[in-house]
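My notes follow in the order I looked things up.

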Amino acid sequence: MKKIPFGKPMINELEKDAVLNVMDGSILVHGPVATQFENKFASFTNAPNAVSVSSCTAGMHLIYFALGYGPGDEVIVPAQTHIATAHAVELTGAKPVFVDSEKDTGNINIEAIEAAINSKTKAIAVVHYLGVPVDMPKVVQIAKKHNLFLLEDCALAPGAKIDNIHVGLHGDAGVFSFYPVKHFTTAEGGMIILKDENLSKKLKLIKAFGVNRTHGERKIPGVYDTIALGFNYRMSEIHAAIGVVQLDKLPGFLKIRKNNFKALESNLKDIRGLSILPQPSDDHLESCHYCLGVLLEEDNFSKRSEIINLLSEQGIGSSVYYPQPVPRMSYYKEKYGYDKKKYINASRISDGMIALPVGPHLGADDMKKIAEVLKNIMEKIT
Ligand SMILES: Cc1ncc(COP(=O)(O)O)c(C=O)c1O
């Protein structure tokens with residue numbers, strides 16, 4: 001039986017050669033390849049500045065730390081997201097204040113943001129859920145009105161655009177993830193893009209301990225000063241070398257994702273017991289098709305695990321984004337309490353969605369098979 005995994009890194013000889021090339025040299029960290037990857041990502045997104053980091057989580061934490069957030073501060077975070085979006089705030093001592101998602105797309109409910117703003121609020125974080133861009137001009141307006149920093153968590157959204165401008169450049173900073181099942185990978189890794197040159201310089205300084213000289217810049221080996229408190233959140237040359245090669249492949253990957261998405265969407269028409277999470281209906285929002293999310297009808301929520309297992313028995317991988325709204329996760333529930341009524345849309349998506357694969361490791365036949373198998377399952381169990 002042919003397996004259809006949810007995600008598969010598309011690595012070949014080009015990435016392997018690039019890694020070996022780095023390993024044959026003497027610089028494994030803090031060298032020219034990470035800079036090359038930053039420049040290449042900046043030119044792909046048209047970003048004025050790009051800062052490579054060890055992960056998206058590290059990048060978001062680095063930004064909040066650089067901005068000086070701490071106890072007594074609040075950051076607005078979507079309830080429907082990966083735990084990392086909230087942890088990045090929580091790690092500084094500031095409090096994530098969760099806002100429910102829209103009913104259909106799973107993106108933050110923009111209408112509900114202003115009600116969560118108070119005198120402690122310092123920033124708004126949005127997530128482009130499953131690669132469908134948030135309608136940023138509306139959020140930018142709110143952030144400007146209240147003088148708040150606006151962070152875009154672009155972990156699932158490289159290639160997504162709003163008004164033809166890449167996500168990450170609408171707010172004050174955007175952070176991407178290159179974890180293996182993402183649109184492209186560096187194994188572990190992330191990238192920050194931003195317009196503010198001074199903040200970019202600060203992020204570069206504090207992602208590397210706050211020391212004032214990199215190896216290449218030191219006049220006397222081993223001699224440096226530390227001018228700020230900082231982390232070790234650097235991306236190694238090995239990871240960056242994979243990224244440089246993968247980034248060349250990204251436009252091709254994005255085309256395949258879009259074609260697969262369209263094929264699967266049309267094959268799934270008229271299927272019983274579920275709907276497809278919608279793509280943007282408005283031309284100014286351009287999705288990058290991370291996966292195809294189906295939402296079961298509420299009566300079928302209890303059958304989700306069975307459906308996922310039956311898909312898996314037929315070789316079809318799937319996933320759930322995200323398994324619980326963040327405020328319902330034990331850590332946050334225990335610390336801040338959980339009001340069920342506040343996160344109805346995020347809960348519905350967490351409890352009823354199944355993410356189906358559309359990645360570049362798959363083609364039209366796979367999309368047919370996924371639809372056929374899912375249709376049969378739904379007919380049998382509903
Ligand atoms: C929306 C979102 N933000 C952040 C992350 C964390 O990314 P990383 O593993 O690069 O820290 C993920 C991971 O899946 C994610 O989905």
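**Helix pair H3 and H4**

I started with a crossing: H3 passes H4 in a right-handed sense. A crossing is left-handed if the near helix is turned anticlockwise from the far one by less than a right angle, and right-handed if clockwise. Helices (H or I, at least four residues) and strands (E, at least two) are DSSP runs, numbered from the N terminus.

Before going on I noted the ground rules. Residues are numbered from 1 along each chain as its sequence is written. The model is predicted, so I kept in mind that local features need pLDDT of at least 70, that side-chain atom pairs count only at pLDDT 80 or more, and that totals for chains, interfaces and linings use all residues.

Back to the pair. Helix H3 (residues 56–66) and helix H4 (residues 83–90) pack at about 30 degrees, and their axes are 8 Å apart. Axes are lines fitted to C-alpha atoms, for helices over the stretch in contact, and angles run from 0 to 180 degrees between N-to-C directions. On the H3 side I found Cys56, Thr57, Met60, His61 and Tyr64; they meet Ala84, Thr85, His87, Ala88 and Val89 of H4. By class this contact has six nonpolar, four polar and no charged residues. Contact here means C-beta atoms, placed from the backbone, within 7 Å. Ala, Val, Leu, Ile, Met, Phe, Trp, Tyr, Cys and Pro count as nonpolar, Asp, Glu, Lys and Arg as charged, and the others, Gly among them, as polar.

**Helix pair H1 and H7**

Next I checked helix H1 (residues 13–24) against H7. They pack at about 145 degrees with their axes 8 Å apart. This crossing is right-handed. H1 brings Leu14, Glu15, Ala18, Val19, Asn21, Val22 and Met23, and H7 brings Glu237, Ile238, Ala241, Ile242, Val244, Val245 and Gln246. I read off ten nonpolar, two polar and two charged residues in this contact.

**Lys95**

Is Lys95 buried or exposed? Lys95 counts as buried because it has 20 C-beta neighbours inside 10 Å. The cut-offs: buried if 20 or more other C-beta atoms lie within 10 Å of a residue's own, exposed if 12 or fewer, and partly exposed in between, with C-beta atoms placed from the backbone. Lys95 lies in strand S3 (residues 95–99). I also looked at Tyr69: Lys95 and Tyr69 are 26 residues apart in sequence, and 9.5 Å apart from C-alpha to C-alpha.

In strand S9 (residues 190–194), five of its five residues are buried. Gly190, Ile192 and Leu194 point one way, Met191 and Ile193 the other. In a regular strand the side chains alternate between the two faces of the sheet.

Which strands pair with S9? Strand S1 (residues 49–53) runs antiparallel to S9 and is joined to it by five bridges. Strand S8 (residues 173–177) also pairs with S9 in the antiparallel sense, over five bridges. Two strands pair if DSSP finds at least two bridges between them. Ile193 is the bridge partner of Ala50, and Ile193 is also the bridge partner of Gly174.

Strand S12 (residues 292–296) pairs with S13 over four bridges. Gly293 has Ala355 of S13 as its bridge partner.

I then looked at what packs on S12 and S13. The buried residues of H10 pack against S12, S13 and helix H8 (304–313). In helix H10 (residues 344–352) the buried ones are Ala346, Ser347, Arg348, Ile349, Ser350 and Gly352.

The other open sheet runs S7-S6-S11, again antiparallel. Strand S7 (165–166) and strand S11 (285–286) each have a single partner strand, so one side of each is left without a neighbour in the sheet. S6 and S11 share two bridges, and Ile162 stands opposite Leu285.

**Domains**

Last, the domains. The assignment gives domain 1 (13–247) and domain 2 (250–381); such bounds come from an automatic or database domain assignment. Their centres, taken over C-alpha atoms, are 26 Å apart. The contact takes 32 residues from domain 1 and 30 residues from domain 2. On the domain 1 side, H4, strand S6 (161–162) and helix H7 (237–267) each supply at least two residues. That side has 14 nonpolar, eleven polar and seven charged residues.

Technical notes:
Contact = placed C-beta atoms within 7 Å.
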